[in-house]
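Please consult the sequence and the structure shown below while reading.

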Amino acid sequence: MTNAPARIKLAWWNTRLTPPKGKSLEGKDRELAVEIIVELLNQGTDLLCLGEVATSDIEQIADSIEDSYRIVDLSRSSTKSKFNIALIFRNERISASEHEFIISSYAESNYKIAVRYTCTIDSCLPVDIFIVHWASRLYRGEDTAEREHFGYSLRSEINARIKYSKNIIVIGDFNDEPYNRSMTKTLRASRDHSVARDSSDLLYNPFWKKMTSKDGYLRGSSQREQIGTYFFRSHKLHRWFIIDQILFSPNFVGNSEWHLVEESIESWKNEKLVDAVESSQSYIDHLPVIAEIERDIANG
């Protein structure tokens, strides 16, 4: 008898329900955001990380999801820095143990680097999940020293943690694309899974392959394509950016019985969400990102 592989679906979405700065979602935008969260769970997401949420948002979401899920409010910390993060997970698949807010100082300013959340999947896989929402480029520009510091700080935390657990997943809104120095030089996230597999100093970033259109230009086609996770209408070069990503330690690319399911990598969307993101009338500006991992189960 052969058992099917055990799969776990992970997702991240920067909801913009309550951003650190700017207008919170109201009316139809807020209704759609909660609807998308419920739909992600209904489609089999086992662990959903949410950004830009406040405690009041989390209470509203909790009223809309099934009892089989647990929601964890990580929207505040013991410091003055607000993390605005929540975590929803399926109780029967995931158990939680601890979390830590990671803050680092640079040039007399404090920056939110990540929330480390330690959990166990299927009672057998301990995982450290680093949930990220780095500062916007509107306030800290592309490839600045501050942004490199974000990568160095997170890499240092990962190096310290990997002594105890080699199962590391980094997920969230980096406000940088896969090729930026904060991601490559300092965080050490590689587009080459075989190099990452053979190194203890790298993460694998499968979102490189989402940088361009799958089919490219097709003559006669006027269909818009969402090549990215974040929409910036007024940009002069392109409008879609890959700033929401999920990264994996070498254990998930060939060094353990748990494996990344490469074909599962996607920016999740439906027509209502895309219409809202691309509309000048909506404040929603991100698509969720999805990834799955699976466990090889021996014949028995």
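## Nonpolar cores

Setting aside neighbours within four places in sequence, Ile131 is in contact with Trp12, Cys49, Leu74, Ile85, Leu87, Ala114, Val115, Tyr117 and Ile171, where contact means heavy atoms within 4.5 Å. Ile131 belongs, with Leu47 and Phe248, to the residues that have the most contacts inside the largest nonpolar core, a set of 37 residues. Another core lies apart from it and has 29 residues, including Leu25, Leu48, Ile61 and Ile284.

A nonpolar core is a set of buried Ala, Val, Leu, Ile, Met, Phe, Trp, Tyr and Cys residues joined through side-chain atoms within 4.5 Å. Buried means under 20% relative accessible area, exposed over 50%, and partly exposed in between, for a 1.4 Å probe and protein chains only. In soluble globular proteins, nonpolar side chains tend to be buried together.

## Basis of the model

The model is predicted: local features need pLDDT of at least 70 and side-chain atom pairs pLDDT 80 or more, whereas totals for chains, interfaces and linings use all residues. Residues are numbered from 1 along each chain as its sequence is written, and side-chain values use heavy atoms, leaving out hydrogens and water.

## Pockets

The largest pocket has a volume of about 1,000 Å³. Of the 36 residues that line it, Ala135, Ser136, Arg137, Tyr139 and Asn175 lie nearest its centre. Strand β6 (residues 109-121) gives the largest share of this lining, three residues. The lining of the largest pocket comprises 14 nonpolar, ten polar and twelve charged residues; here Ala, Val, Leu, Ile, Met, Phe, Trp, Tyr, Cys and Pro count as nonpolar, Asp, Glu, Lys and Arg as charged, and the others, Gly among them, as polar.

The second largest pocket holds about 520 Å³ of space. Its lining has 20 residues, with Ser213, Lys214, Glu225, Gln226 and Ile227 nearest the centre; by class, four are nonpolar, eight polar and eight charged. A pocket is an open set of points on a 1 Å grid over the protein atoms alone, where a 1.4 Å probe fits, with protein on both sides within 12 Å along at least five of seven lines; lining residues have an atom within 4 Å of a point. A volume is the space filled by probe spheres set on the points, which are joined across faces, edges and corners.

## Positive phi values

Arg16 has a positive phi, near 65°, although the residue is not glycine. Arg16 lies in the loop between β1 (6-14) and α1 (27-42) and is buried, at 14% relative accessible area. Helices (H or I, at least four residues) and strands (E, at least two) are DSSP runs numbered from the N terminus.

Glu52 is another residue other than glycine with a positive phi, near 55°. Glu52 is placed in the loop between β2 (47-51) and α2 (55-62), and is buried with a relative accessible area of 10%.
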